[in-house]
Amino acid sequence: NLQNSIRITMVNFNFFLIFATLAASGNAFLAPRAPVSRMARQFVEPESRETTSETQSTEEARANLEKAVMKTTAEPVTKNARGEMVSGAMSKALPFVAAPAYLDGSMPGDAGFDPLGFGKDKEGLTFMREAEIKHSRLAMLAVIGWPVAELLDRGLASSLNLPSLLTRTGMSPSILNGGLGKVNPFYWALCISIAALVEYDAGQMKENSKNYQPGDVGYDFLNLMPADAAAAKDRRTSELKHGRIAMLAVVGYAAQEALFRVPVTEETPFFFHPIGF
């Protein structure tokens, strides 16, 4: 029937969304194979021909041309893994779209993608990155907590002689599902208090740290952040990639349960009910 068709389409869309996100995040840091602009070559080639003698080898002439392009072209020029000169002016996420000038690849997770121009200056870019990291971290907690609650809440509540907070159909409480009114107000007070503490620590880090990174609250109790700058950037990039996928997943949870009124753990049991569980 129509409802089953919509449900199958939704599940297939979720699969497509997950795999597309993984593919995009994996390819986001590959340098696009864009040639050096014609204007840059036309500008530097006459000078190269004048300064290159007939006795120079082909490799020397090529090296001189590359150095001249590096110095004169207005476009950022780099070399890819093959040693070919490529232009960094195009977005790594969408190679057919020019990357904004303020996205120069220095920030973790930067793939040159900002089609709506949210980060037009350094302050705006830092603000949006901090907001992205906060939402990413909350989403990573929610993407685990949501299905775990649907799987374990009733059993734990019964063993402790407490009422279950799930909805009548077994869904996690949310704005769209309802049921938030059953949550103890002490829980909300605790959440607000923890959030205020984290915001205070983040503000202190921003004011007192010389090498402040957006989202750095100073919490690293297990010393997971590498001391090497390149490795630390990779770790922050990994956090952002997981957070971005988690944000998409939470939206998928909310949409599925709002549309079909069935717990996500039952809608896609192959994700949440392993064999023998």
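Helix H5, which runs through residues 185-208 of this predicted model, has 24 residues and reaches 35 Å from its first C-alpha to its last, close to the 34 Å expected at 1.5 Å a residue. The N-terminal end of H5 is capped by Asn184, a side-chain oxygen of which lies 2.9 Å from the backbone nitrogen of Phe186.

Between H5 and H6 there is a loop, and Asn223 is found in it. Asn223 has a positive phi of about 55° although it is not a glycine. Most residues other than glycine have a negative phi, and that is the background against which this backbone angle may be read. Asn223 is also exposed, with a relative accessible area of 64%; it counts as exposed because that value is over 50%.

Helix H6 covers residues 229-260. At its start, a side-chain oxygen of Asp228 reaches to within 3.2 Å of the backbone nitrogen of Ala230. H6 has 32 residues and a reach of 47 Å from its first C-alpha to its last, close to the 46 Å expected at 1.5 Å a residue. Its buried residues include Ala232, Leu240, Gly243 and Gln256, and Glu257 and Phe260 are also among them. Thr237 is another residue of H6, and because its relative accessible area of 7% is under 20%, it is classed as buried. The side chain of Thr237 reaches the backbone oxygen of Lys233 at 2.8 Å.

Leu259 also has its place in H6, but Leu259 is exposed, with a relative accessible area of 55%. Leu259 and Asn177 are 82 residues apart in sequence, while their C-alpha atoms are 9.9 Å apart in space. Just after H6, Arg261 takes a positive phi of about 55°, a positive value in a residue other than glycine. Arg261 lies in the loop between H6 and H7 and, at 35% relative accessibility, counts as partly exposed.

H4 has 38 residues and reaches 53 Å from its first C-alpha to its last, close to the 56 Å expected at 1.5 Å a residue. H4 bends by about 50° at Leu152, and just after the helix Asn161 takes a positive phi of about 60°.

In soluble globular proteins, nonpolar side chains tend to be buried together.

Helix H7 (residues 264-267) holds Thr265, which counts as buried at 2% relative accessibility. A polar contact of 3.3 Å joins the side chains of Thr265 and Glu150.

The protein chain averages a pLDDT of 75, and 67% of the residues score at least 70. Confidence is highest in H6, at a mean of 93, and lowest in strand S2 (residues 85-87), at a mean of 35. Over residues 69-75 the pLDDT is below 50, and this stretch has 13 contacts in the model beyond near neighbours in sequence. Over residues 77-87 the pLDDT likewise stays under 50, and there the model has 29 contacts beyond four places in sequence. Where pLDDT is low, the predicted coordinates should not be read in detail.

Technical notes. Residues numbered from 1 in each chain as written. Predicted model: local features only at pLDDT ≥ 70, side-chain atom pairs only at ≥ 80, totals over all residues. Heavy atoms only, no water. Helix = DSSP H or I, 4+ residues; strand = E, 2+ residues; numbered from the N terminus. Expected span 1.5 Å × (residues − 1). Polar contact = N/O pair within 3.5 Å; in protein donor to acceptor, adjacent residues only side chain to side chain. Buried < 20%, exposed > 50% of the residue type's maximum accessible area, 1.4 Å probe, protein only. pLDDT = per-residue confidence, 0-100. Contact = heavy atoms within 4.5 Å. Bend = angle between axes of the 7 residues up to and from the residue.
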